[in-house]
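Hi there,

Here is the structure I promised to pass on to you. Have a look at it first, and then read on for what turned up.

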Amino acid sequence: MITNKEVFLDIVNKNIKRDGIANLITYLERSDFFTAPASTRFHDDYEGGLLDHSLRTYFHLKKLVESYNLKISEESIAIVALFHDLCKVDCYVVEQRWKKDENNKWESYDSYKFEEKKKFGGHGSKSIFVAQYYIRLTFEEAAAINCHMGPDGKDFSCMDVYRESPLAFFLHTADMASTVFEEPDYIEEYKENIS
């Protein structure tokens with residue numbers, strides 16, 4: 001049975017040819033990237049959720065680029081989608097919480113807590129920093145990763161980026177779609193075609 005990690009590595013190997021990509025993958029292998037959740041409670045808050053979210057973002061972005069017939073390289077699509085949340089690597093720890101069961105008795109359960117060890121100050125900017133430590137990003141790729149969270153209510157500068165960069169706008173859209181909508185199981189479809 002093909003794992004989601006194998007899907008991730010297959011996409012990387014087929015699409016990303018940048019110098020340093022092997023070192024970035026080694027970093028991810030030594031981290032919790034393949035087992036970490038994507039959040040504590042908002043989406044994909046389970047073991048392996050970060051990997052699943054990154055893959056779903058990739059497939060959504062790929063479909064959006066194809067449907068709009070955009071001239072964006074497969075390499076850029078893979079880089080921004082698969083690495084947009086590198087800021088979450090090694091930031092989650094398991095903690096015990098309590099809840100009442102169906103008999104109104106208290107029981108403990110495992111939950112995730114966000115505990116960032118190396119604070120950077122920005123979600124997108126930290127992901128860019130980590131990625132660029134290993135591979136060189138284009139300006140458009142860095143802008144897309146930086147603005148993938150969208151405007152935050154105080155700063156609308158991402159809207160200017162979206163107007164100039166379809167990659168940035170559609171990464172934000174794909175990221176949101178992968179957290180909100182039930183979608184066809186693109187990951188399972190991909191597994192059927194791995195050779």
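This is a predicted model: local features need pLDDT of at least 70, side-chain atom pairs count only at pLDDT 80 or more; totals for chains, interfaces and linings use all residues.

Tyr134 has a relative accessibility of 22%, so it counts as partly exposed, since buried would mean under 20%.

Tyr27 belongs to helix α2 and Tyr134 to helix α5, so the pair ties together parts that lie 107 residues apart in sequence.

How many aromatic pairs does the structure hold? There are twelve. Another of them joins Phe8 and Phe33: the ring centres are 5.3 Å apart and the planes are at 55°, so this pair is tilted. Phe8 sits in helix α1, while Phe33 sits in the loop between α2 and α3, so here the parts tied together are 25 residues apart in sequence. Both Phe8 and Phe33 are buried. Together with Phe34 and Phe83, they form one aromatic cluster. If you zoom in on Phe34, you will find Lys5 over the face of its ring, at 4.9 Å from the ring centre.

Now turn to helix α2, which covers residues 21-30. Which of its residues are buried? They are Ile21, Leu24, Ile25 and Leu28. Looking down the axis of α2, you will see these buried residues fall within an arc of 100°, so they line one face of the helix. Ala22 and Arg30, on the other side of α2, are exposed. The cover over the buried residues of α2 includes α1, α4 and α5.

Finally, zoom out to the whole chain. It has nine helices and two strands, and from the N terminus on the order is α-α-α-α-β-β-α-α-α-α-α. A compact globule of 195 residues would have a radius of gyration near 16 Å, and the 17 Å of this chain agrees with that. The C-alpha trace spans about 60 × 45 × 30 Å along its principal axes. Of the 195 residues, 48% are buried. Among contacts with a separation of 6 or more, 63% are between residues 24 or more positions apart. The chain exposes about 11,100 Å², and carbon and sulfur atoms supply 51% of that area.

Enjoy exploring!

Best wishes

Conventions: Residues are numbered from 1 along each chain as its sequence is written. Side-chain values use heavy atoms; hydrogens and water are left out. Buried means under 20% relative accessible area, exposed over 50%, partly exposed in between (1.4 Å probe, protein chains only). Helices (H or I, at least four residues) and strands (E, at least two) are DSSP runs, numbered from the N terminus. The arc is that of the directions from the helix axis to the C-beta atoms. Contact means heavy atoms within 4.5 Å. Rings of Phe, Tyr and Trp (its six-membered ring) pair if their centres lie within 6.5 Å; planes under 30 degrees apart count as stacked, over 60 as edge-to-face and the rest as tilted. A charge sits over a ring if NZ of Lys or CZ of Arg is within 6 Å of the ring centre and within 35 degrees of the ring normal. The radius of gyration is taken over C-alpha atoms; the globule rule is 2.2 Å times the number of residues to the power 0.38. Accessible areas come from the Shrake-Rupley method with a 1.4 Å probe; for residues, only the protein chains shown count as cover.
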